[in-house]
Amino acid sequence: MTRRPAPPSPPAAPACARSSPPSPSAPAPRPPPPSPTWSTKCGATTRPRTPPPPSRPSSPACAAASAPATASAPTPPPPPPAQPRGNLRPRLTSFVGREPELAALADDLARVRLVTLTGPGGSGKTRLAEHAAAAQPESGWLVELARLDHGAAVPGAVLSALGLRENSLVAREKTPADADPTTLLVEHCAHRRLLLVLDNCEHVVDAAAALAEKLLTHCPGVRILATSREPLGVPGEFLRPLDPLPPGPAHRLFADRAAAARPGFRPDEDPAAVSEICARLDGLPLAIELAAARLRLLTPRQIADRLDDRFRLLTGGARTLLPRQQTLRAVVDWSWDLLDTAERTVLARMSAFAGGCDLDAAEAVCGHGGLDVALTLGSLVDKSLVTAVPDADGMRYRLLETIREYAAERLAASADEARATARRHAAHYLAFAERAEPLLRSAQQLPWIRRVETELDNLRSALHRTTGTDPEPETAQRLVAALAWFLWLRNYRAEGAEWASLALAVTPAGAPEGSAAYWRGMRLQVLHMFLLTESRGPADFRTPEFDALAHRIREVFREGSPETTRFPGMLWPATAYLTGDPAGFHPDLARSVENCRRHAGDWELGVTLLMRAHFAIDTTGGLDTVDADLAELHEIARRCGDRWIRAQVASAAGEAALSRGQYDTARTEYEECLRLAREVGAQTEAPFALARIAEAAYCAGDYGAAERLLADADREADQQGGVYDVSSFARLLSAMLALRRGDDDRARSECARSRAEAAQINPPPQLSAGLDVVEAALTAREHGPRAGLARLGPALTEAVAAHCAERVLACLAESAALFLEATGRPAESARVLAAAGTWRAGQPRSVPEQTVLDGLPERTLAALGAAAHAEAEAAGRGLTPAQVAAEITRHAPLSGS
């Protein structure tokens, strides 16, 4: 038989050194450096029992190797050519990113003999596998399976990749076993070291798996790196899922391919558009490369704006690629075509979810028709069309946005199926929201807040559909109502107002009074009004339309029933403040409290008592009435366990302590409020609590701590955005600090900022009073005390009309007393100062208030004498705030400016 050189490979081990093949999961031991061999029959190899020196080739036969050389011995044949390093080809484009994945693959291949690189189409599996194989010590052989039409061709494709179809002569006495490609492969690879890269196995996965298992079992020197959209399922297989590119590498890939498409392109021309392109394309390398190629025609912003139609946009891949790799649609079509009917149905229905789903949701929405969703999802995860990621509540399933858009197109092809799927989706998330609603107000709220946050995109999707062109009014109303407290608590208030408005827009008029639909509509009106307070100024509520609505709400909810006490209905008394008609607020609030006692639970009663406590503390004569409500609130907070209720109770207790000059107690209560607010994620409460802690420090004279805490409050308020009540109060406190240290420009600027922030909301009257005090002091410094006094008369008049708390009225009056003394009116000063002290009813002044007034009584006493001073003080103790306001106003014009 004529001998021809076989494809070069490492030598076979001597028979005496061979052992049974290792398991597929164990890497084969590395043999010594190879020496040349050649074929004797059907690819089998021989080698001498004792290796010759490295500088000389081994003999062609065992017998010849053991025989002594003689003069008559035949001349040995020439050595075979040098061994190739496999068939891995150089690429024409650079390899960008994937450094962590390359390192992980190198580690995988060092530990196991079969590694399968899985991932969706276009994720870069082939390029990564080629680079990983090229870095291995043995020869790497790429076997391209994408062009195969059936699994039976897989062994032949491997033979062709190894060059065995051309290099093996078949003997005349050939048997059927000799012609079997798998047998030829096993014989060829049995004693060689090589790395096979089986690329694109997904459409011939069964045949690829069978061949891989055969080779790994019988060929200990073979390792396999497979790429597939699903696992091979071979014992010992190690899966290495390939995730999308992270933002940094994705941006680098786009920049690299963009520079090739449009020389001179720089990503910093429009970094936001580049980031949007990479994010919306899920970091898929193929999609990013196709998008970069479009820079010949479009700017990055134009590409980003057209990604809603990505399958039409992203075409035009390299002509040398397979057709299924030249467009984004073809890549996904390839995966779709490999699915069975159940997999296609579930994948299409999964497009209804926004932001993923858990198994319960998937079964509820996708299981119609008796489908086994759990089993089918597992198959779709294996095929890299659905990703499964564990979270705190179990496994979560989601589609890459490209896959989701494709699946949505498939779902939309049947209008009836799409509509039915959307309705099942809305029904599931309505049930979820209504289950969550009471738990969000309980001791169990933390995991439920997390769950609602996780499902927020799905809840928004359900709201969008039920308030859209195919509305479901009842579902929309119930969904907004169930989410109302969550939207308020987590500071989605402007968004909540928009959903409430949309739900009201699709609500039919004329629901029978007293019906469930009637009460859903009325509570929705109350919710809409209160959510609007976070984004609209007071003028927006002083209209005939809002006035009529507020009157209607008070009329309906004043009558006690279980329906009037459900959130947000029990807040109805506050509509009077929104429309500028607070006369009936206090009796209405008392009625709401009693209604809640009769018809509601602890949480609803707690909210109404909190509202009453906060208003009482800030209202004339209210501080003495608050202690009973605070004691009951502590008990309610303990029973219901809601951290928001507990935080608000601590805040109310801190406010009461601050009003009484108990600054250490106030700080402790506000710190508890801050802790609980952060724990429950009430983000707008945290900066407010920090600002109140800063106020307690300021009142105690710890100005450095007040400055630091105020800076912390500002940072947190800036992060939240739109927290106008916190910002306006913080700016007032900052103005007070600036005034104390003599920085008049900063104080003036902070006052202006505070008024601008307050104009966005319905500010409490005590805020305006505090700003009036600072601005009067600034005016007095610039234009003299007469000008400052002229500002205080109207300010005190307004504060009296707004029923501000006594300490607020006293602060205004004490500032006026200071200016009266400075303008040469010691009797009036002593009288006003005595009146303010009476209003305080034994509650001490803050440290800065006392510091400002230091020496004033002594100066008026010196100017008047003891008898006249005593007479003035006695007269002042009987003055009401309204009388003092009138006296200040009467003196101000005489003082001039």
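Is Arg554 buried or exposed? Select Arg554 and check: Arg554 is buried, at a relative accessible area of 9% (buried means under 20% relative accessible area, exposed over 50%, partly exposed in between, with a 1.4 Å probe and protein chains only).

Before moving on, know that this is a predicted model, where local features need pLDDT of at least 70, side-chain atom pairs count only at pLDDT 80 or more, and totals for chains, interfaces and linings use all residues. Residues are numbered from 1 along each chain as its sequence is written, and side-chain values use heavy atoms, with hydrogens and water left out.

**Around Arg554**

Arg554 belongs to helix H25, residues 544-557 (helices, H or I with at least four residues, and strands, E with at least two, are DSSP runs numbered from the N terminus). Now show the neighbours: leaving out residues up to four places away in sequence, Arg554 touches Trp572, Thr575, Ala576, Thr579, Asp581 and Asp588. Contact here means heavy atoms within 4.5 Å.

**Another arginine**

Next, pick Arg523, which sits in helix H24, residues 516-532. Arg523 also counts as buried, because its relative accessibility is 9%. With residues up to four places away in sequence again left out, Arg523 touches Phe557, Glu563, Arg566, Phe567, Pro568 and Gly569.

**The sheet**

Jump to the open sheet of five strands: its order is E4-E5-E6-E3-E7, and the pairing is parallel. At the edges you'll find strand E4 (140-144) and strand E7 (238-241), each pairing on one side only. From one strand to the next, the twist averages 20 degrees. Strands count as paired if DSSP finds at least two bridges between them.

Colour strand E5 by itself. Why is E5 called largely enclosed by the rest of the structure? Because six of its six residues are buried. Leu194, Leu196 and Leu198 point one way from E5, while Leu195, Val197 and Asp199 point the other way.

Now look at the strands beside E5. E4 and E5 pair in the parallel sense over five bridges, and Asp199 in E5 is the bridge partner of Glu144. E5 and E6 also pair in the parallel sense over five bridges, with Leu198 opposite Ala226 in E6. Finally, strand E3 (residues 114-118) and E7 pair in the parallel sense over four bridges, and Thr118 stands opposite Pro241 in E7.

Helix H3 (residues 125-134) lies across E3, E4, E5 and E6, running at about 160 degrees to E6. Axes are lines fitted to C-alpha atoms, for helices over the stretch in contact, and angles run from 0 to 180 degrees between N-to-C directions.

**Two crossing helices**

Select helix H15 (residues 341-350) and helix H16 (residues 359-366). Their axes come within 10 Å and cross at roughly 110 degrees, which means H15 is roughly perpendicular to H16 (65 to 115 degrees counts as roughly perpendicular). To see the meeting point, show Val346, Arg349 and Met350 in H15 with Ala362, Val365 and Cys366 in H16.

**Last stop: H38**

Helix H38 covers residues 806-822. How many of its 17 residues are buried? The count is 14, so H38 is mostly covered. After H38 comes Gly824, with a positive phi near 85 degrees.

How values were computed:
The expected span of a helix is 1.5 Å times one less than its number of residues. Angles under 35 degrees count as roughly parallel, over 145 as roughly antiparallel, 65 to 115 as roughly perpendicular and the rest as oblique.
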